[in-house]
Amino acid sequence: MPELLSQDTIENRLAELEDWHYRDSAVHKTWKLKGFLTAMSFANAIAHLANEADHHPDLSVHDYNRLTVRITTHSAGGVTENDLTMAERIERLRHGG
Ligand SMILES: C[C@H](O)[C@H](O)[C@H]1CNC2=NC(N)=NC(=O)C2=N1
């Protein structure tokens with residue numbers, strides 16, 4: 001089972017990622033997209049990435065054009081390397097990398 005990371009480690013890693021935060025045993029970010037379908041498409045792209053990685057974030061499309069992603073490792077009960085890796089992969093996806 002992947003091991004839980006300390007708050008210091010998590011916050012140091014998140015400092016490299018724009019607008020990601022650590023709260024309630026998870027890392028999360030909210031984007032404001034161009035519209036509802038853009039937000040849905042981004043959520044779907046993340047869903048495919050997540051399924052390939054077998055690591056599944058919580059995805060919420062809300063307030064018309066916002067997407068909130070929350071990532072935690074259920075089996076560990078908090079944030080592990082797998083969550084930070086997923087956050088990094090989502091950022092690369094968003095920026096076309
Ligand atoms: C069997 C399967 O690999 C596990 O249930 C995976 C699936 N996706 C998962 N996703 C997340 N976020 N945390 C987990 O502990 C987890 N476990």
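**View 1. What kind of residues line the ligand site.** By class, the shell around the ligand in this predicted model holds 5 polar residues, 1 charged residue and no nonpolar ones. Going around the ligand, you meet Asp54, His55 and His56, and then Thr73, His74 and Ser75.

**View 2. The sheet, strand by strand.** Here's the open sheet: 4 strands, antiparallel pairing, in the order E1-E2-E4-E3. Strands E1 (21-23) and E3 (58-62) sit at the edges with a single partner strand each, so one side of each has no neighbour in the sheet. On average, neighbouring strands are turned by 25 degrees against each other, direction ignored.

**View 3. Where E2 meets E4.** Strand E2 (residues 26-32) and strand E4 (residues 66-71) run antiparallel and are joined by 6 bridges. Pick out two pairs here: Val27 has Ile71 of E4 as its bridge partner, and Lys29 stands opposite Val69 in E4.

**View 4. The E3-E4 hairpin.** E3 and E4 make a hairpin with 3 residues between them. Look for Asp63 in the turn, where phi is positive, at about 50 degrees. The two strands run antiparallel, with 5 bridges joining E3 to E4.

View 5. Which residues of E4 are on the covered face, and which on the uncovered one? Leu67, Val69 and Ile71 make up the covered face, while Arg66, Thr68 and Arg70 make up the uncovered one.

**View 6. Helices against the strands.** Helix H1 (residues 7-14) lies across E1 and E2, and runs at about 155 degrees to E1. Helix H2 (residues 36-53) packs on the sheet too, touching E2, E3 and E4. The direction of H2 makes about 175 degrees with that of E3.

**View 7. A closer look at Thr80.** Thr80 is found in the loop between E4 and helix H3 (81-94). Is Thr80 buried or exposed? Thr80 counts as buried because 20 other C-beta atoms lie within 10 Å. Leaving out residues up to four places away in sequence, Thr80 touches Pro2, Glu3, Leu4, Leu5 and Thr73. Thr73 is also one of the residues surrounding the ligand. For a sense of scale, take Trp20: Thr80 and Trp20 are 60 residues apart in sequence, and 15 Å apart in space, C-alpha to C-alpha.

Conventions:
Residues are numbered from 1 along each chain as its sequence is written. This is a predicted model: local features need pLDDT of at least 70, side-chain atom pairs count only at pLDDT 80 or more; totals for chains, interfaces and linings use all residues. A residue is near a molecule or strand if its C-beta atom, placed from the backbone, lies within 6 Å of it. Ala, Val, Leu, Ile, Met, Phe, Trp, Tyr, Cys and Pro count as nonpolar, Asp, Glu, Lys and Arg as charged, and the others, Gly among them, as polar. Two strands pair if DSSP finds at least two bridges between them. Axes are lines fitted to C-alpha atoms, for helices over the stretch in contact, and angles run from 0 to 180 degrees between N-to-C directions. Two residues are in contact if their C-beta atoms, placed from the backbone, lie within 7 Å. A residue is buried if 20 or more other C-beta atoms lie within 10 Å of its own, exposed if 12 or fewer, and partly exposed in between; C-beta atoms are placed from the backbone.
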